[in-house]
Amino acid sequence: MSADLFGTALTSGAVWTAAAVAGHFVIFHMVQVEHRARTLTLLFGCAAFATLWTCLLLDVDRWRTLYGMSVVACAFLLYMPFYYTVAASQSVQLVIDIHGAPDGLSVEEIRARYPVDEILAGRLETLLWAGYVTEMDGRFALTGKGRLVSRPFRAVKALWRLGPGG
Amino acid sequence: MKGLLLAAAGSLTCVLAVTLLFRAVTVSRRAAAMLYVFLATVPLYVAAYALTPADLGWLPDSLVEQRAFACGAFGLFVHAALFFGGWLQVYNLAERGFSLRILIDIDESPGGALSADDEEARYGGGRGIRWMFDKRLEGLVSAGLATRRADRLVATDKGARAARLFGGLRAFLQIGTPQ
């Protein structure tokens with residue numbers, strides 16, 4: 001077995017991962033994307049497929065092709081938390097707001113900027129839109145998809161004795 | 001294949017050790033503790049890689065890499081990705097996830113349904129959403145991103161750098177204020 005095939009597969013995975021990240025920046029900068037997580041997942045999916053295609057083209061065997069695709073999968077695992085920190089972290093938003101105010105912000109001013117009822121209403125709306133909860137008479141209940149997320153994490157919290165958190 | 005298999009074994013060892021640690025003692029800085037456990041598994045991985053035969057005693061020749069160093073480095077990358085992108089994120093979500101906490105609160109409520117007002121009060125084991133917000137603010141101070149000055153929170157140099165970086169990325173990627 002040629003040693004080069006291993007390097008070819010890994011390089012292919014790395015190059016297509018870089019292309020996915022570049023594509024993410026270009027697309028999100030040029031277009032207002034509505035389904036951002038789905039788009040990002042699709043981009044990495046395309047990178048995995050492109051790695052597979054490249055390896056087939058270069059006669060890389062299936063196991064080393066799998067290594068190349070593993071590079072894309074691992075990069076996806078690392079990139080998504082980074083992206084969500086940029087896109088959705090409340091702590092990041094707070095530090096941006098504090099930095100943006102010439103004299104900083106008092107806790108009262110921060111609370112006034114982010115009324116808890118509005119934050120909660122916004123998040124419930126997002127969960128409703130994403131199909132994790134359903135609403136009836138002003139009360140929210142979990143859908144099957146919501147339970148599919150909630151139950152494993154309840155088990156993890158119990159196993160690791162994490163307490164309520166949030 | 002050896003690198004990949006040892007990475008999988010290292011990752012399982014890591015999560016097992018974390019589980020035992022969290023169940024055995026009360027850990028105050030859990031994310032840091034997880035990181036230390038992961039870092040402890042890295043020399044274990046390297047030692048296991050160096051001390052075991054290239055075919056692990058049972059792999060067919062076709063799965064044995066000739067570039068031992070590259071294969072070992074690849075395995076280490078996979079091990080790190082499984083930790084930082086996997087186990088650590090599972091912890092972060094379980095411990096700090098706002099949406100996840102809402103889902104769990106609804107799931108744990110007696111009738112299986114909550115109004116927005118109920119959730120506001122029940123959030124985080126009955127501590128309420130304001131508690132969550134205060135916890136985030138305290139987190140900024142303890143992480144050195146902000147400091148208190150005359151009852152006001154002011155960004156530190158580190159906080160200013162983070163704000164510029166993340167603010168710039170958000171603007172470039174056209175991401176609005178998160179809710």
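Predicted model: local features only at pLDDT ≥ 70, side-chain atom pairs only at ≥ 80, totals over all residues.
An open sheet of three strands is built in the order 2(A)-3(A)-1(B), and its strands pair in the antiparallel sense. Strand 2 (133-136) of chain A and strand 1 (113-115) of chain B stand at the edges with a single partner strand each, so that one side of each is left without a neighbour in the sheet. From one strand to the next, the twist averages 35°.

Within chain A, strand 2 and strand 3 are joined in the antiparallel sense over four bridges, and Val133(A) stands opposite Leu142(A) of strand 3. These two strands of chain A form a hairpin with two residues between them, and Asp137(A), which lies in the turn, has a positive phi of about 55°.

Across the chain boundary, strand 3 (residues 139-142) of chain A pairs with strand 1 of chain B in the antiparallel sense over three bridges. In this pairing Ala141(A) stands opposite Ala113(B), while the bridge partner of Arg139(A) is Ser115(B).

In a regular strand the side chains alternate between the two faces of the sheet. Strand 3 of chain A has a covered face, with Phe140(A) and Leu142(A), and an uncovered face, with Arg139(A) and Ala141(A). Helix 4 (residues 98-108) of chain B lies across strand 2 and strand 3 of chain A as well as strand 1 of chain B, and runs at about 95° to strand 3 of chain A.

**Salt bridges**

Over all chains, a search of the whole structure finds 14 salt bridges. Three of them are set out below, with the separation of the nitrogen and oxygen atoms.

| Salt bridge | N to O separation |
|---|---|
| Arg64(A) and Asp61(A) | 3.0 Å |
| Arg64(A) and Glu65(B) | 3.0 Å |
| Asp105(B) and Arg101(B) | 2.7 Å |

Arg64(A) takes part in a salt bridge with Asp61(A) and in another with Glu65(B). Because Arg64(A) lies in helix 3 of chain A and Glu65(B) in the loop between helix 2 and helix 3 of chain B, the latter pair joins two chains. Arg64(A) counts as buried at 0% relative accessibility, and Glu65(B) also counts as buried, at 10%.

The pair formed by Asp105(B) and Arg101(B) lies in helix 4 of chain B, where the two residues are separated by about one helical turn because they are four residues apart. Asp105(B) is buried, with a relative accessible area of 3%, and Arg101(B) is buried as well, with a value of 5%. Both residues belong to a network of salt bridges that also links Arg151(A), Arg154(A), Asp107(B) and Glu108(B).

**A buried cysteine in chain A**

Cys55(A) is found in helix 2 of chain A and counts as buried, because its relative accessibility is 1%, against a cut-off of under 20% for that class. When residues up to four places away in sequence are not counted, Cys55(A) touches Ala9(A), Ser12(A), Val60(A) and Thr65(A). The C-alpha atoms of Cys55(A) and Leu10(A) are separated by 9.8 Å, although these residues are 45 residues apart along the chain.

**A nonpolar patch on the surface**

Leu78(A), Leu35(B), Tyr36(B), Leu39(B), Phe77(B) and Phe84(B) form a nonpolar patch on the surface, and together they have about 510 Å² of accessible area. Helix 2 (30-51) and helix 3 (68-96) of chain B each supply at least two residues of the patch, and helix 2 of chain B gives the most, with three residues. Leu35(B), placed in helix 2 of chain B, counts as partly exposed at 30% relative accessibility.

**Positive phi in two loops**

Most residues other than glycine have a negative phi, and most peptide bonds are trans. Asp59(A) has a positive phi near 60° and sits in the loop between helix 2 (36-57) and helix 3 (62-88) of chain A, where it counts as exposed at 64% relative accessibility. In chain B, Ala150(B) has a positive phi near 50° and lies in the loop between strand 2 (146-149) and strand 3 (152-155); at 71% relative accessibility, Ala150(B) likewise counts as exposed.

Conventions:
Residues numbered from 1 in each chain as written. Chains lettered and ligands numbered in written order. Heavy atoms only, no water. Buried < 20%, exposed > 50% of the residue type's maximum accessible area, 1.4 Å probe, protein only. Patch = residues over 30% accessible without salt bridge, like charges linked within 9 Å, V, L, I, M, F, W, Y side chains within 5 Å. Areas by Shrake-Rupley, 256 points an atom, 1.4 Å probe, with all protein chains shown as cover. Salt bridge = Lys/Arg side-chain N within 4 Å of Asp/Glu carboxyl O. Pairing = 2+ DSSP bridges. Axes fitted to C-alpha atoms, helices over the stretch in contact; angles between N-to-C directions. Contact = heavy atoms within 4.5 Å.
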